[in-house]
Amino acid sequence: MTTTQEDRATEDLKALAEQAGRDLEDASALEILQWAADTFGRQFCVTSSMEDAVVAHLASRALPGVDVVFLDTGYHFPETIGTRDAVEAVMDVNVITLTPRQSVAEQDAEYGPKLHDRDPDLCCKLRKVQPLEEGLKGYRAWATGLRRDESPTRANTPVVGWDEKRQKVKISPIAKWTQEDVDAYVTEHGVLTNPLLMDGYTSVGCAPCTRRVLEGEDARAGRWAGRAKTECGLHL
């Protein structure tokens with residue numbers, strides 16, 4: 001099989017990501033994002049669930065006006081939409097809101113109401129995974145707020161890695177942070193956070209699939225509670 005120029009470019013990008021993951025393991029979050037800004041410029045974006053604006057704030061220090069991609073699933077809490085609007089108003093970022101191909105009503109008409117209760121994986125695919133794949137097409141690298149301490153499935157998250165599914169560099173600048181680190185950064189810089197974090201929620205997703213966390217539960221226990229599902233599919 002002949003290797004094309006595009007194939008070589010992809011392999012080079014993958015090698016770059018893997019090398020950066022090793023080189024930047026001990027770097028600060030801001031240094032990791034500065035590397036991303038210097039390497040990819042405007043072909044780099046941040047994704048945010050608007051649980052908080054920590055990574056968006058960090059990225060705006062490295063790349064003022066950075067694109068911040070938000071998935072409006074149609075099922076968000078009002079507080080989440082309010083956080084997005086506040087971030088757009090007060091931070092040096094360019095918020096880009098992605099929406100699914102179908103409205104909630106259109107999805108209900110095709111699949112039946114409350115798909116999230118009957119087939120949450122399909123609902124997440126339609127309302128999160130597919131819109132993000134479309135929305136990231138113009139970028140070579142994207143940043144997330146994944147942390148290793150959030151759940152066992154995230155324990156090995158690299159600070160810079162290769163997103164095989166999307167063929168892009170995936171950056172998790174706060175992978176090594178703890179919740180205490182996040183709280184300290186929020187306090188020091190006055191970063192916007194979702195009001196639900198003060199109301200018993202430790203991880204904020206779509207309203208039908210998110211509940212408050214009970215004492216002793218891990219941070220993501222309130223997501224898809226009672227199910228084996230632990231991820232929406234964006235990070236698988």
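**Helices, strands and cysteines: how do we know?**

Modeller: Let's start with helix α4: β2 (66-71) and β3 (93-98) are among the elements that cover its buried residues. This is a predicted model, where local features need pLDDT of at least 70 and side-chain atom pairs count only at pLDDT 80 or more, while totals for chains, interfaces and linings use all residues. Residues are numbered from 1 along each chain as its sequence is written, and side-chain values use heavy atoms, leaving out hydrogens and water.

Biologist: What makes something a helix or a strand here?

Modeller: Both are DSSP runs, numbered from the N terminus: a helix is H or I over at least four residues, and a strand is E over at least two.

Biologist: How do you know that the span of α4 agrees with what a helix should have?

Modeller: The expected span is 1.5 Å times one less than the number of residues. Helix α4 has 13 residues (78-90) and should span 18 Å; its end C-alpha atoms are 18 Å apart, so the two agree.

Biologist: Which residues of α4 are buried?

Modeller: T80, T83, R84 and V87. Down the axis of α4 they fall within an arc of 100°, so they line one face of the helix; the arc is that of the directions from the helix axis to the C-beta atoms. On the other side of α4, P78, A89 and V90 are exposed.

Biologist: Why is T83 called buried?

Modeller: Buried means under 20% relative accessible area, exposed means over 50%, and partly exposed is in between (1.4 Å probe, protein chains only). T83 has 5%, so it counts as buried. Leaving aside neighbours within four places in sequence, T83 is in contact (heavy atoms within 4.5 Å) with M50, T193, N194 and P195.

Biologist: And what is E31 called, buried, partly exposed or exposed?

Modeller: E31, in helix α2 (residues 29-40), has a relative accessible area of 47%, so it is partly exposed. E31 and A62 are 31 residues apart in sequence, and their C-alpha atoms are 8.3 Å apart in space.

Biologist: What makes β4 and β6 a pair?

Modeller: Two strands pair if DSSP finds at least two bridges between them. Strand β4 (residues 141-143) and strand β6 (residues 168-171) have three, in the parallel sense, so they qualify. A143 has I171 in β6 as its bridge partner.

Biologist: How many bridges join β5 to β6?

Modeller: Four, and strand β5 (residues 160-163) runs antiparallel to β6. W162 stands opposite V169 in β6. The two strands form a hairpin with four residues between them, and Q167 in the turn has a positive phi of about 60°.

Biologist: Which cysteines does UniProt list as "binding site"?

Modeller: The unreviewed entry lists C123, C124, C206 and C209. They span 87 residues in sequence, yet no two of their C-alpha atoms are more than 10.8 Å apart, so they gather at one spot. UniProt positions are given in the numbering used here, feature names are shortened, and annotations may be inferred rather than shown by experiment.
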